[in-house]
Amino acid sequence: MINVGSRANRINWKKKYKQLQQKNQELKESFRIKCIESFKTRRSVRQVLDVKPDFKLIENIIEAGTSAPCAGDVQNYKIIVIEDELKRKKIGEFSYHQFWINKAPYILVILREDKELKKKYPDNGELYSMQNVAVVIQNIMMAIHMSKLATCWIAVKNDDGIREMLEVPDEYHIDAVIPVGYPNEVPFLEKRAETMALIDFKTFGNKMR
Ligand SMILES: Cc1cc2nc3c(=O)[nH]c(=O)nc-3n(C[C@H](O)[C@H](O)[C@H](O)COP(=O)(O)O)c2cc1C
């Protein structure tokens, strides 16, 4: 029979516990680094496979989007999920004729409503409203990227065409179209501006820390 209470056993368990804690810490650290790397490696992907991800994945991605901070604690947006092939084609047409997006099995149409924020903040409501939606879109795009899916922010040209087809009420702006699918290309990691070139200290244009 094992005597769990023996001194030697207790030391052994303590050592094992410490090792596990250290491993856990290492895992957390590598996860943190991976998360930051994900932000740095996100790029627009414009070629997707004709394979449909499970809707649960899409719902989870949208939930990551709607977890974004929001001015005034107001969630002034709606997201319409489009799966229908004909509608996807039409959305491509209404978005500067970017027909490639109809290959994506899901298209998310992002709508913004300004009224509540304009009422709450008469001076800056519209700006806050747009900012609320922009962070939702960025969260969605990052969640798509971290789920190993592909996307690209698509600008809308023919607002009226989409409005009519999707029966969007007048009080909503159609801000963006987000196609989602599995990637069919490895995007080129276009270089960004040097980070330090975009940072100033204390006053505008001052590079001395
Ligand atoms: C507001 C906004 C509108 C955009 N509209 C389009 C678009 O209509 N079509 C497109 O292919 N890419 C569009 N993009 C993606 C940009 O072209 C892309 O993010 C930029 O070239 C940087 O490349 P990256 O996303 O690979 O880092 C848009 C991005 C933003 C933020």
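Visitor: What should I know before reading the model?

Guide: Residues are numbered from 1 along each chain as its sequence is written. The model is predicted, so local features need pLDDT of at least 70, side-chain atom pairs count only at pLDDT 80 or more, and totals for chains, interfaces and linings use all residues.

Visitor: Into which domains is the protein divided?

Guide: Domain 1 is 1-41 and domain 2 is 55-180. The bounds come from an automatic or database domain assignment. The C-alpha centres of domain 1 and domain 2 lie 42 Å apart.

Visitor: What is the strand order of the open sheet?

Guide: Strands of a sheet pair through backbone hydrogen bonds, either parallel or antiparallel. Here 3 strands run in the order β1-β2-β3, with antiparallel pairing. Pairing takes at least two DSSP bridges between two strands. Strands (E, at least two residues) and helices (H or I, at least four) are DSSP runs, numbered from the N terminus. The edges are β1 (77-82) and β3 (172-180).

Visitor: How many bridges join β2 to β3?

Guide: There are 8, with β2 spanning residues 106-113. Leu111 stands opposite Ile174 in β3.

Visitor: Which strands does α3 lie across?

Guide: Helix α3 (residues 85-94) lies across β1, β2 and β3, at about 120 degrees to β1. Angles run from 0 to 180 degrees between N-to-C directions; axes are lines fitted to C-alpha atoms, for helices over the stretch in contact.

Visitor: At what angle do α2 and α5 cross?

Guide: The axes of α2 (residues 55-66) and α5 (residues 125-146) cross at roughly 140 degrees and come within 7 Å. Contact residues include Ile61 and Ile62 of α2, and Val136 and Ile140 of α5. Contact means C-beta atoms, placed from the backbone, within 7 Å.

Visitor: Which residues surround the ligand?

Guide: Among them are Arg43, Arg46, Tyr96, Trp153 and Glu190. A residue is near if its C-beta atom, placed from the backbone, lies within 6 Å. The shell divides into 6 nonpolar, 2 polar and 3 charged residues. Ala, Val, Leu, Ile, Met, Phe, Trp, Tyr, Cys and Pro count as nonpolar, Asp, Glu, Lys and Arg as charged, and the others, Gly among them, as polar.

Note on methods: Contact = placed C-beta atoms within 7 Å.
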